[in-house]
Amino acid sequence: MQTNGRTTQPVGHYELCKRSPIECNEKTASKAPVELTRSLWKEIVAINDEVNTAVAPRTDMEMWGQEEVWSYPTTGAGDCEDYVLEKRRRLMALGVPAGNLLVTVVRQPNGEGHAVLTVRTSLGEFILDNLDSQVMAWNETPYTYLKRQSERNSGVWIAINDGRADAVASVR
């Protein structure tokens, strides 16, 4: 995934950082991707499946009466960012460094914004998605990649040029 430098932070992430500063203070000294072992792959696939199964899809408007509230799905329901945060939390609990678990904003083929989790590994970058039970390489998904968290600082966002389409990183 080619990146193009710093960009704007999604409003939902900004609000999450204000509510829970620890979510945005994770700094990573190393840029090295996590070693992808068979054991870790099984965990990644299992966590993606477990969270996708356990969390019922609900919009922020349905749950909170407002747009773009990023939170953990503690009530058993959530939208795409909530799935991502829970998957990220579970993988970090297994010891995967924050710099290898990046919240990523994409554009779906229908034009709608969406969030997925990018896992940086020694064998490439893989996507965990609540809309697909299969964990795939980022370039095998149907999405246009817009921006993601920096691998060096979870409070910083960087623009993505995925090379497959020109897109403006304007999705919140």
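A residue counts as buried when its relative accessible area is under 20%, and Glu86, at 10%, is buried by that cut-off. Keep in mind that this is a predicted model. Here's a quick tour of the sheet, the helices lying across it and the salt bridges.

**The sheet**
- Seven strands make up an open sheet with antiparallel pairing, in the order S1-S9-S8-S4-S5-S6-S7.
- Strand S1 (2-7) and strand S7 (132-137) sit at the edges, so each pairs on one side only.
- From one strand to the next, the twist averages 30 degrees.
- S1 and strand S9 (residues 157-161) run antiparallel and are joined by four bridges; Thr7 stands opposite Trp157 in S9.

**Helices across the sheet**
- Helix H2 (residues 38-54) lies across strand S5 (113-121), strand S6 (124-129) and S7, at about 145 degrees to S7.
- Helix H4 (residues 80-93) lies across strand S4 (101-107), S5, S6 and strand S8 (144-149), at about 20 degrees to S5.

**Salt bridges**
- The count comes to six salt bridges.
- Back to Glu86: its partner Arg90 has its closest N 2.8 Å from the closest O. The two are four residues apart in helix H4, which means about one helical turn. Arg90 is partly exposed, at 30% relative accessibility.
- Glu86 and Arg90 also belong to a salt-bridge network with Glu50 and Arg89.
- Arg148 pairs with Glu125 in a salt bridge, with the closest N and O atoms 2.9 Å apart. Arg148 is in strand S8 and Glu125 in strand S6, so the pair ties together parts 23 residues apart in sequence. Both residues are buried.
- In helix H1 (residues 11-19), Lys18 and Glu15 are three residues apart, about one helical turn, and their side chains meet in a salt bridge (3.7 Å, N to O).

Conventions:
Residues numbered from 1 in each chain as written. Predicted model: local features only at pLDDT ≥ 70, side-chain atom pairs only at ≥ 80, totals over all residues. Heavy atoms only, no water. Pairing = 2+ DSSP bridges. Axes fitted to C-alpha atoms, helices over the stretch in contact; angles between N-to-C directions. Contact = heavy atoms within 4.5 Å. Salt bridge = Lys/Arg side-chain N within 4 Å of Asp/Glu carboxyl O. Buried < 20%, exposed > 50% of the residue type's maximum accessible area, 1.4 Å probe, protein only.
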